[in-house]
Amino acid sequence: PIHNRNGWKIAQFLAGDTRVARTHYPGLGCHKNYHIASVQMEALDNGIPYGGMVSFELQGAKREAMMFVEKLREQKSVITHAVSLGNRDSLIEIPSCGTHAKGKISDNLIRFSAGIESSARLLDDFEKALSAVFPVWV
């Protein structure tokens, strides 16, 4: 399904970007539960089995995470800021700004739920927002 493919492509993109401190996605070989996920998760229609949910932490702190989500909104991204995830549309949230504010999670953790939009558009939206937050990153 498109949801899984989009999640996989975004996870690969984020994992290879130095502006991202950590990418959490069970389909990445570096994920601590990759081997379990590869056995337990079943691909539908010969697709990618790991789902469309991706969490990641940007370099920096909560400020950068908030700027990233704001840049997506400003550039009229197909990704919508939401307080909960799970829809056919791509959604993004910062848990530390909402219901998980007092939990034991990183302030700069961002959760993304891939929708069924074009993966090229999603990747472009991510790249533009990252470039806006980190304009001189090498």
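Which residues is Tyr-25 in contact with, leaving aside its neighbours within four places in sequence? The legend to View 1 gives the answer, after a note on the model.

This is a predicted model, in which local features need pLDDT of at least 70, side-chain atom pairs count only at pLDDT 80 or more, and totals for chains, interfaces and linings use all residues. Residues are numbered from 1 along each chain as its sequence is written, and side-chain values use heavy atoms, with hydrogens and water left out.

View 1. Helices (H or I, at least four residues) and strands (E, at least two) are DSSP runs, numbered from the N terminus. Tyr-25 is in contact (heavy atoms within 4.5 Å) with Asn-4, Gly-7, Trp-8, Ala-11, His-31, Ile-48, Tyr-50, Gly-51, Met-53 and Val-54, leaving aside its neighbours within four places in sequence. Tyr-25 has 0% relative accessibility and so counts as buried; buried means under 20% relative accessible area, exposed over 50%, and partly exposed in between (1.4 Å probe, protein chains only). Between Tyr-25 and Trp-8 the C-alpha to C-alpha distance is 8.1 Å, although they are 17 residues apart in sequence.

**View 2. Ile-2 in helix α1.** Ile-2 has a relative accessible area of 36% and is therefore partly exposed. Not counting residues up to four places away in sequence, Ile-2 touches Gly-115, Ile-116 and Glu-117. Gly-51 is 49 residues from Ile-2 in sequence, and their C-alpha atoms are 9.6 Å apart in space.

**View 3. The crossing of α1 and helix α4 (residues 119-133).** Two packed helices are described by the angle between their axes and the distance between the axes. Here the axes come within 10 Å and cross at roughly 30 degrees, which makes α1 roughly parallel to α4. Axes are lines fitted to C-alpha atoms, for helices over the stretch in contact, and angles run from 0 to 180 degrees between N-to-C directions; angles under 35 degrees count as roughly parallel, over 145 as roughly antiparallel, 65 to 115 as roughly perpendicular and the rest as oblique. The crossing of α1 past α4 is right-handed, the near helix being turned clockwise from the far one by less than a right angle. On α1 the contact is made by Arg-5, Asn-6, Lys-9, Ile-10, Phe-13 and Leu-14, and on α4 by Ser-119, Leu-122, Leu-123, Phe-126, Glu-127 and Leu-130. By class, the contact has seven nonpolar, two polar and three charged residues; Ala, Val, Leu, Ile, Met, Phe, Trp, Tyr, Cys and Pro count as nonpolar, Asp, Glu, Lys and Arg as charged, and the others, Gly among them, as polar.

**View 4. Asp-17 in the loop between α1 (2-15) and β1 (20-24).** Asp-17 counts as buried because its relative accessibility is 11%. Not counting residues up to four places away in sequence, Asp-17 touches Glu-127 and Leu-130.

**View 5. The open sheet of five strands.** The strand order is β1-β2-β5-β4-β3, with mixed pairing; two strands pair if DSSP finds at least two bridges between them. At the edges lie β1 and β3 (80-81), each of which pairs on one side only. Helix α3 (residues 62-74) packs on the sheet and touches β2 (53-58), β3, β4 and β5, its direction making about 125 degrees with that of β2.

**View 6. Strands β2 and β5 and their partners.** β2 and β5 run antiparallel and are joined by five bridges. β1 pairs with β2 in the antiparallel sense over four bridges, with Phe-56 in β2 as the bridge partner of Thr-23. Strand β4 (residues 91-93) and strand β5 (residues 109-113) also pair in the antiparallel sense, over three bridges. In that pairing Ile-92 stands opposite Phe-112, and Glu-93 has Arg-111 as its bridge partner. Five of the six residues of β2 are buried, so β2 is largely enclosed by the rest of the structure; four of the five residues of β5 are buried, so β5 is likewise largely enclosed.

**View 7. Lys-76 in the loop between α3 and β3.** Most residues other than glycine have a negative phi. Phi of Lys-76 is near 55 degrees, a positive value. Lys-76 counts as exposed because its relative accessibility is 67%.
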